Amino acid sequence: MSAGLPSFLGLAAVLFSLGLYGAISKRSAVMVLMSLELMAVAVNVNLVAISRFVTPEAMTGQVFAVFAMVVSAAEIGLGLALVLALYRRTRSVELDTLDRLKG
């Protein structure tokens, strides 16, 4: 038994949907960052699956996925630094309590 392209696309859709739900519904900045990372993982699953099943001789999807993971690691490092700075200033990571940046 092997999984085909629709299985991977379905898995990516479920992961992306869960990430989108978390990004919209959660109030904690850390949870929103985790949800965004889940959405990035879904994109990487799509890249690798499409590359594997559509053009198996070329490794373009895998290369893009590795690049996206590197960018995502940098993004999460910056995001966590912002959350830490936010926590030091307000003693909370709840997004509802942030009103200083509102125009």
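Helices (H or I, at least four residues) and strands (E, at least two) are taken as DSSP runs and are numbered from the N terminus. By this definition the protein contains 3 helices and 0 strands, and its pattern along the sequence reads α-α-α. The radius of gyration, taken over C-alpha atoms, is compared here with a globule rule of 2.2 Å times the number of residues to the power 0.38. For the protein the radius is 17 Å, well over the 13 Å that the rule gives for 103 residues, so the protein is more spread out than a compact globule. The model is a predicted one, in which local features need pLDDT of at least 70 and side-chain atom pairs count only at pLDDT 80 or more, while totals for chains, interfaces and linings use all residues. Residues are numbered from 1 along each chain as its sequence is written, and side-chain values use heavy atoms, with hydrogens and water left out.

Along the principal axes, the C-alpha atoms fill a box of roughly 50 × 25 × 25 Å. R88 and V14 are separated by 74 residues in sequence and by 35 Å from C-alpha to C-alpha. S7 belongs to helix 1, and R88 belongs to helix 3.

Accessible areas were computed by the Shrake-Rupley method with a 1.4 Å probe, and for residues only the protein chains shown count as cover. The protein exposes about 7300 Å², of which carbon and sulfur atoms supply 71%. A residue is called buried under 20% relative accessible area, exposed over 50%, and partly exposed in between (1.4 Å probe, protein chains only). Of the 103 residues, 23% count as buried. S7 is partly exposed at 42%, and R88 is exposed at 61%.

A contact means heavy atoms within 4.5 Å. Among contacts between residues at least 6 apart in sequence, 58% join residues at least 24 apart. N44, in helix 2, is buried, with a relative accessible area of 12%. Leaving aside neighbours within four places in sequence, N44 is in contact with A65, A68 and M69.

Rings of Phe, Tyr and Trp (its six-membered ring) pair if their centres lie within 6.5 Å; planes under 30 degrees apart count as stacked, over 60 as edge-to-face and the rest as tilted. The whole structure holds 1 aromatic pair. This pair, F8 with F53, is tilted, with 5.9 Å from centre to centre and 40° between the planes. F8 lies in helix 1 (residues 5–25) and F53 in helix 2 (residues 29–54), so the pair ties together parts that are 45 residues apart in sequence.

Most residues other than glycine have a negative phi. R91 is not a glycine, yet has a positive phi of about 60°. R91 lies in the segment after helix 3 (60–90) and is exposed, with 59% relative accessibility.

For the charges, Lys and Arg count as positive and Asp and Glu as negative, without His and the chain ends. The place of a charge is NZ of Lys, CZ of Arg, CG of Asp or CD of Glu. The protein has 8 positive and 6 negative side chains, and the centres of the two sets lie 9 Å apart.
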